[in-house]
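Hi,

Here is the structure I promised to pass on to you. Have a look at it first, and my notes on what turned up follow below.

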Amino acid sequence: IKACEECAEACEHCATACLQETDVKMMAECIRLDRDCAELCWLAAGFMSRGSSYAPALCRLCAEVCEACG
């Protein structure tokens, strides 16, 4: 849960930094991945916190998006 929260925060920071770049259009895919990753990490942390039976499936997707983002 903590790792997901830390990852989400890092992705939010990265997206914000990308928005400060001179050529924001060039950073569009990075920003999209950052936002997708952050949202999935927040969601996965919530699912795990409440012991959802869907947490493992969501975490697999989250890991896939985190890998793409990284």
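To start with the helix pairs: α2 passes α3 in a left-handed crossing. Please keep in mind throughout that this is a predicted model. The axes of α2 and α3 lie 9 Å apart, and the two helices pack at an angle of about 155°. Since angles over 145 degrees count as roughly antiparallel, that makes α2 roughly antiparallel to α3.

On the α2 side, the residues that meet α3 are L33, D34, D36, C37, L40, C41, L43, A44, F47 and M48. Their partners in α3 are A55, L58, C59, L61, C62, V65, C66, A68 and C69. By class, this contact of α2 with α3 has 17 nonpolar residues, no polar ones and two charged ones.

The other pair is α1 and α2. Their axes come within 8 Å and cross at roughly 160°, so α1 and α2 are roughly antiparallel to each other too. Here again the crossing is left-handed, with α1 passing α2. From α1, the contact includes C4, E5, C7 and A8, as well as C11, C14 and C18. From α2, it includes C30, I31, D34 and C37, along with C41, W42 and A44. The contact of α1 with α2 divides into 17 nonpolar, no polar and four charged residues.

Stepping back to the chain as a whole, there are three helices and zero strands, in the order α-α-α along the sequence. The C-alpha atoms fill a box of roughly 45 × 15 × 15 Å along the principal axes. Of the 70 residues in the chain, 30% are buried. If you look at contacts between residues at least 6 apart in sequence, 54% of them join residues at least 24 apart.

What about the core? The largest nonpolar core has 14 residues, and those with the most contacts inside it are C4, C37, L40, C41, A44, L58 and C62. The elements that give two or more residues to this core are α1 (2–19), α2 (28–49) and α3 (55–69). The largest share, seven residues, comes from α2. In soluble globular proteins, nonpolar side chains tend to be buried together.

Leaving aside residues up to four places away in sequence, A44 touches C4, L58, C59 and C62. A44 is also listed in the contact of α2 with α3 and in the contact of α1 with α2.

Happy browsing, and best wishes

Notes
Residues are numbered from 1 along each chain as its sequence is written. This is a predicted model: local features need pLDDT of at least 70, side-chain atom pairs count only at pLDDT 80 or more; totals for chains, interfaces and linings use all residues. Side-chain values use heavy atoms; hydrogens and water are left out. A nonpolar core is a set of buried Ala, Val, Leu, Ile, Met, Phe, Trp, Tyr and Cys residues joined through side-chain atoms within 4.5 Å. Buried means under 20% relative accessible area, exposed over 50%, partly exposed in between (1.4 Å probe, protein chains only). Helices (H or I, at least four residues) and strands (E, at least two) are DSSP runs, numbered from the N terminus. Contact means heavy atoms within 4.5 Å. Axes are lines fitted to C-alpha atoms, for helices over the stretch in contact, and angles run from 0 to 180 degrees between N-to-C directions. Angles under 35 degrees count as roughly parallel, over 145 as roughly antiparallel, 65 to 115 as roughly perpendicular and the rest as oblique. A crossing is left-handed if the near helix is turned anticlockwise from the far one by less than a right angle, and right-handed if clockwise. Ala, Val, Leu, Ile, Met, Phe, Trp, Tyr, Cys and Pro count as nonpolar, Asp, Glu, Lys and Arg as charged, and the others, Gly among them, as polar.
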